[in-house]
Amino acid sequence: GNVVIKSINNNFEASSNKLTYDKDAKTLKLLGNVFVKNLESDGLSIQESYGDELTIFTDSGLFKFNSENKNRVKTKLKF
C-alpha cells in the first residue's frame, strides 16, 4: 500500500509503496518509489532523496539507498 512515515522531532518524512521490517537483521526497508525528506545520520543531512529502495539499519541509524535497472538515486544533501 501507500506507506508514509513521519517524525515530529526532526521533520523526517518518508514514503514508499511497501515497508518491511527484519528484526534479526535489524533493518527497515522501504521499497518502490521511495521519497525521503530530512534524513539525518552520522553528521550527514539529506534534504530530499528519491530511489527504488531504502534500507535503514535500526541499530546504528545508518542507511543505504539502492536503485534498480541502473536508475539514479537523486539526492539533495546539506553539510
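Okay, let's start with Val-34, which sits in strand β4, residues 27-41. Keep in mind that this is a predicted model.

So, is Val-34 buried or exposed? Its relative accessibility is 1%, so Val-34 counts as buried, given that the cut-off for buried is under 20%.

What does Val-34 touch, once you leave out residues up to four places away in sequence? On the list are Ser-15 and Ser-16, then the run Ser-49, Tyr-50, Gly-51, Asp-52, Glu-53 and Leu-54, and also Phe-65. While we're on that residue, look at Asn-17: Val-34 and Asn-17 are 17 residues apart in sequence, and their C-alphas are 7.3 Å apart in space.

Now the core. The largest nonpolar core has eleven residues, and Val-34 is one of them. As background, nonpolar side chains in soluble globular proteins tend to be buried together.

Last stop, Thr-55, over in strand β5, residues 44-57. Thr-55 has 3% relative accessibility, so it counts as buried too. With residues up to four places away in sequence left out, Thr-55 touches Thr-27, Leu-28 and Lys-29, plus Leu-62, Phe-63 and Lys-64.

Key:
Residues are numbered from 1 along each chain as its sequence is written. This is a predicted model: local features need pLDDT of at least 70, side-chain atom pairs count only at pLDDT 80 or more; totals for chains, interfaces and linings use all residues. Side-chain values use heavy atoms; hydrogens and water are left out. Helices (H or I, at least four residues) and strands (E, at least two) are DSSP runs, numbered from the N terminus. Buried means under 20% relative accessible area, exposed over 50%, partly exposed in between (1.4 Å probe, protein chains only). Contact means heavy atoms within 4.5 Å. A nonpolar core is a set of buried Ala, Val, Leu, Ile, Met, Phe, Trp, Tyr and Cys residues joined through side-chain atoms within 4.5 Å.
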